[in-house]
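Here is a quick walk through a protein model, with a few residues picked out along the way. Have the structure open and follow along.

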Amino acid sequence: KKLRLKPEKPEAYDGRADAQVFHKFMRQTVEYLSAFDIKQEMLASHVSNFLKGRAYSFFVTSVSSAPRKWTLRKLFEGLFNYCFPVDYRLQQQEKLDKCYQRDKTVRDYVHELENLFLMSGYVSTREKVKRLWNGFRPEIQAELWKMFLTPDTSYWSQVLKTAETIELAERVSHRAGRHATASQDAKQGKSLASFSASRRSDNPSRSGGSHRFSKPAERKSERP
């Protein structure tokens, strides 16, 4: 018989305007409440047990008078709108528009992009693929086209997996290029050393053991 794990209580949300903290709270809350047989109209009241600070103030002022009318989705939306700045999604959208891979790895770029998708609100699946594609470095985009992928028809998983493969191939190629350059430099160094040694043996005047030629003595002229 399998043991059933007891769901972990959500960490209390204090109303801070941090998208990752808020989404973690939502995930934990949904998982926790799903483990119990709770009537729909009682969900909002149960969620209030995991609110504090500004978040609990929202419950008191907006929900407590009629908690049965609040679905879980409506509660989360209201909580977000109350705790986050009015232009928060706009700020995240602007960051999303400026998000490009540049010198980041594919994995780091995708991680940043997914966080911005999460924070900026609803983004369609197709729009996510297009944004992913257009943010890649031009070299990776060119290789994706060669693989017969397109931003309008390919799936996110296809584009991501292929981009990671292209990046891996680039790394291998760069390493091979560095090794070839190092080997060539080493050969050139040996050739120069051998050439220098040969020149020294052919020109004894340049070697330390060479002898000097003395200037012939001038003959004294005889007087008549």
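Let's start with Arg73, which is exposed, with a relative accessible area of 64%. Keep in mind that we are looking at a predicted model. Arg73 pairs up with Glu77 in a salt bridge, and their closest N and O atoms are 3.3 Å apart. Both residues sit in helix α4, which covers residues 72-83, and being four residues apart puts them about one turn of the helix from each other.

Is Glu77 buried, partly exposed or exposed? Glu77 counts as partly exposed, because its relative accessible area is 41%, a value that falls between the 20% and 50% cut-offs.

What does Cys83 touch, once neighbours within four places in sequence are set aside? The list is Tyr13, Gly15, Ala17, Arg54 and Ala55. Phe22 is another residue to look at from here: it is 61 residues from Cys83 along the chain, and the two C-alpha atoms are separated by 9.8 Å.

## The whole protein

Now zoom out. The protein has nine helices and zero strands, so the order of elements from the N terminus reads α-α-α-α-α-α-α-α-α. Of its 224 residues, 30% are buried. The accessible surface comes to about 16600 Å², and carbon and sulfur atoms account for 53% of that.

How many salt bridges does a search of the whole structure find? The count is 10. As a general point, side chains of opposite charge can pair when their charged atoms come close.

One of these pairs is Glu11 with Lys24, whose side chains meet at 3.1 Å, N to O. This pair links distant parts of the chain: Glu11 belongs to the segment before α1 (19-34), while Lys24 is in helix α1, 13 residues apart. Both partners are partly exposed, Glu11 at 49% relative accessible area and Lys24 at 35%.

Another pair is Glu143 with Lys146, with 3.2 Å from N to O. These two are three residues apart in helix α8 (residues 138-146), so about one helical turn separates them. Glu143 is partly exposed at 27%, whereas Lys146 is exposed at 56%. There is also a network: salt bridges that share partners join Arg137, Glu139 and Glu170.

## Gln101, a buried loop residue

Last stop: Gln101, in the loop between α5 (88-97) and α6 (106-120). Is Gln101 buried or exposed? Gln101 is buried, because its relative accessible area is 0%, under the 20% cut-off.

The side chain of Gln101 reaches the backbone nitrogen of Arg137 at 3.1 Å, and Arg137 is also a member of the salt-bridge network with Glu139 and Glu170. Leaving out residues up to four places away in sequence, Gln101 touches Val106, Tyr109, Gly135, Phe136, Arg137, Ile140 and Glu167.

Note on methods
Residues numbered from 1 in each chain as written. Predicted model: local features only at pLDDT ≥ 70, side-chain atom pairs only at ≥ 80, totals over all residues. Heavy atoms only, no water. Buried < 20%, exposed > 50% of the residue type's maximum accessible area, 1.4 Å probe, protein only. Polar contact = N/O pair within 3.5 Å; in protein donor to acceptor, adjacent residues only side chain to side chain. Contact = heavy atoms within 4.5 Å. Areas by Shrake-Rupley, 256 points an atom, 1.4 Å probe, with all protein chains shown as cover. Salt bridge = Lys/Arg side-chain N within 4 Å of Asp/Glu carboxyl O.
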